[in-house]
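Start with helix packing, then turn to the sheets.

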Amino acid sequence: MARLLSVNVGLPRDIEWQGKTVHSAVWKTPVQGRRMARRLNLDGDGQGDLAGHGGEHRAVFVYQIESYRYWQNQLGRNDYTYGQFGENFTVEGLADTEVCIGDHYQIGDALFEVTQPRVTCYRVGIRMNEPQMAALLVSHGRPGFYFRVLKEGEVGAGAEIAKVEAGPEGMTVAEINALLYLPGHPASGLERALRIPALSAGWRSSLEALLDRERKGNGTTGNPGLGPPTGSPPAWRGFRSLRVSRKLHESSNVTSLVLEPADGEPLATAEAGQFIVLRLGPLPDGSALLRSYSLSGEPSRDRYRISVKREPHGAAGAYIDTQVQAGDSLDVSAPRGSFTLQPGERPVLLVSAGIGATPVLAMLYALAAEQTRREIWWIYGARNGSEHPFAAEVRELLESLPGSHSHIRYSAPNPTDRPSVDFDGVGRVDVDVLKEIGVPPDADVYICGPAAFMSDLVTGLAGSGVIRDRLHTENFGSGPSMTPGIAAVSRRPPHPPEEAAEVGPIVSFTRSNLAVHWGSGFHSLLELAEACDVPVRWSCRTGVCHNCETELISGSVIYQPDPIEPPAEGNLLICCSQPQGDIALDL
């Protein structure tokens, strides 16, 4: 019979690591006597990152002494003590290949249910002084697992562990772990796993995403259970030469470029809402500017249109406004991005401000092209009429869609701007405006504009009852960072690293408007991005969790180590990759 060898607890504390402060409770210490197992944790225990750890379905983490011995042999170490792997219960028996999700176990006075394998996390690598530990636990099939506390009670070292109920489907911890993290995600296995009521919500949503991909059979690559949503791979790698066939002034500060194939070969029809990357230059110093711009025109294999706002001190906008002319050739990436119009029958709200109109204008073109019967709302905010691009073409598109609606707000109208003709109200577009004009609450909402504008609308709409899955946003700049457990610090705008290399491959962070040389002092592109204060997302730092998955605009990389499962085609994992020559990243 299995036995509980040690009960280990620890409260969150701050740890210095690689120049950062990490808030973590991964250091667990054995306790004497008995401890109360409660709904959220053991008495005296805690979690430093409640988003990634803890909660009712992850109240107690379990690891086996047999796995201790395995790692001693694998890593050539004998310095382990109970709690070394961050576990609350060190046990004898209960192998990951035998314990099933949904099994119930009696230990002391408490009753527990198995809910999921370990969450991959870089902090176990800190505790083990082995940076690759998160990947090793997954690839070697020894993750350990979590208990939910069904009945609170006291537990203590030496207690026997009795299995009192078998989980439905008989799927082991190791099988569930492999189903999510390892290549090959059979629909039959995913369906079995999703029939287990005890499976935690996080794992359930990841497996549902994988099953949806398997059922659709749409040929997308990568791991949608872990990585960002992806559509079809980009139509071409790197950049393709397109000719500027027309240059149009849409307003006092917005210029459009119409781009056509220089070689006469058709383009890939973009999904409405996607963007392309332009490589502009060379500049006087021989460098190039890489910038992302949403497509703003109708779906087409013959041409793309982008519309660019000239910002004060904006190098790319100024270059396009003053240097680019009709007949010039520009280097252009294939369309990409997941801010795309989704099919359905629900009403559609296209809400934007300023240059944020561009991707939702492409969506309006797509809806008009298909003569949709969906209820369409165009809601837009500008400073005044002179800074209001696309006004006439939007009116024409809306007139082609019976039952469509429009509402325009100017924050500082000019004396010549006509109320009820050019605009419908004074002020900015916000949630109160949407309530005032009576937009349908069951709509799919697409929002683009300044970051604060989008954040306020999403928060307000979600608070008024709109389902969050129906709220879609596009961010022109850097995305939000995710650095679990790292203490917040004030960050500078993206900048070259303190000890910038003067030679080596050029790494371009396109959303951050930064290009720097790769230096041999960095082990990964993630480390370079961090040294430049480029916003990044990560969790495992070893090629397992795919939180750092990023679009690779151009160039190629090598992996050290290889990821557990490759990212989607056209993407890369920045946590374990290094550039092979010049590259451009969607960061």
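Helices α5 and α6 cross in a left-handed sense. This is a predicted model. The axes of α5 (residues 187-194) and α6 come within 9 Å and cross at roughly 145°. From α5, the contact takes in A187, L190, E191, A193 and L194. From α6, R204, L207, E208, L210, L211, E214 and R215 meet them. By class, that contact holds 7 nonpolar residues, 5 charged residues and no polar ones.

Helix α6 (residues 201-216) also packs against α4 (residues 173-181). Here the axes lie 10 Å apart, at an angle of about 50°. That angle makes α4 oblique to α6. The crossing of α4 and α6 is left-handed. On the α4 side, I176, N177, L179, L180 and Y181 make the contact. On the α6 side, the residues are W203, S206, L207 and L210. The contact of α4 with α6 has 7 nonpolar and 2 polar residues, with no charged ones.

Helix α8 spans residues 357-369 and helix α9 spans residues 391-399. How do their axes cross? They come within 9 Å and cross at roughly 30°. Angles under 35 degrees count as roughly parallel, so α8 is roughly parallel to α9. The crossing of α8 past α9 is left-handed. L361, L364, Y365 and A368 of α8 meet E393, V394, L397 and L398 of α9. By class, the contact of α8 with α9 counts 7 nonpolar residues, 1 charged residue and no polar ones.

Now the strands. Strand β8 (residues 104-107) runs antiparallel to β9 (residues 110-117), and 4 bridges join them. H104 has E113 as its bridge partner in β9. The two strands form a hairpin with 2 residues between them. In that turn, G108 has a positive phi of about 60°. Strand β8 also pairs with β12 (residues 160-165), in the antiparallel sense and over 4 bridges. There, Y105 has K163 of β12 as its bridge partner.

Strand β9 also supplies a ring to an aromatic pair. The whole structure holds 20 aromatic pairs. In one of them, the ring centres of F112 and F147 are 4.9 Å apart and the planes are at 25°, so the pair is stacked. F112 sits in β9 and F147 in β10 (residues 145-151). The two residues are 35 residues apart, and the pair links distant parts of the chain.

Next comes an open sheet of 6 strands with antiparallel pairing. Its order is β16-β15-β18-β13-β14-β17. Which strands stand at its edges? They are β16 (289-294) and β17 (304-309). Each has a single partner strand, so one side of each is left without a neighbour in the sheet. The twist averages 40° from one strand to the next. Within the sheet, 2 bridges join β15 (residues 275-280) to β18 (residues 329-332), which run antiparallel. R279 has D331 of β18 as its bridge partner. Helix α7 (residues 315-322) lies across β13, β14, β15, β16 and β17. It runs at about 80° to β16.

The last stop is an open sheet of 5 strands with mixed pairing. The order is β26-β25-β29-β27-β28. Edge strands β26 (514-517) and β28 (571-573) each pair on one side only. Neighbouring strands of this sheet are turned by 40° against each other on average, direction ignored. Which way do β25 (residues 506-509) and β29 (residues 577-585) run, parallel or antiparallel? They run parallel, joined by 3 bridges. F509 has L585 of β29 as its bridge partner. Strand β29 pairs with β27 in the antiparallel sense, over 6 bridges. S556 stands opposite Q580 of β29. Strand β27 (residues 549-559) also pairs with β28, antiparallel and over 3 bridges. In that pairing, E549 has L573 of β28 as its bridge partner.

Conventions. Residues are numbered from 1 along each chain as its sequence is written. This is a predicted model: local features need pLDDT of at least 70, side-chain atom pairs count only at pLDDT 80 or more; totals for chains, interfaces and linings use all residues. Side-chain values use heavy atoms; hydrogens and water are left out. Two strands pair if DSSP finds at least two bridges between them. Axes are lines fitted to C-alpha atoms, for helices over the stretch in contact, and angles run from 0 to 180 degrees between N-to-C directions. Angles under 35 degrees count as roughly parallel, over 145 as roughly antiparallel, 65 to 115 as roughly perpendicular and the rest as oblique. A crossing is left-handed if the near helix is turned anticlockwise from the far one by less than a right angle, and right-handed if clockwise. Contact means heavy atoms within 4.5 Å. Ala, Val, Leu, Ile, Met, Phe, Trp, Tyr, Cys and Pro count as nonpolar, Asp, Glu, Lys and Arg as charged, and the others, Gly among them, as polar. Rings of Phe, Tyr and Trp (its six-membered ring) pair if their centres lie within 6.5 Å; planes under 30 degrees apart count as stacked, over 60 as edge-to-face and the rest as tilted.
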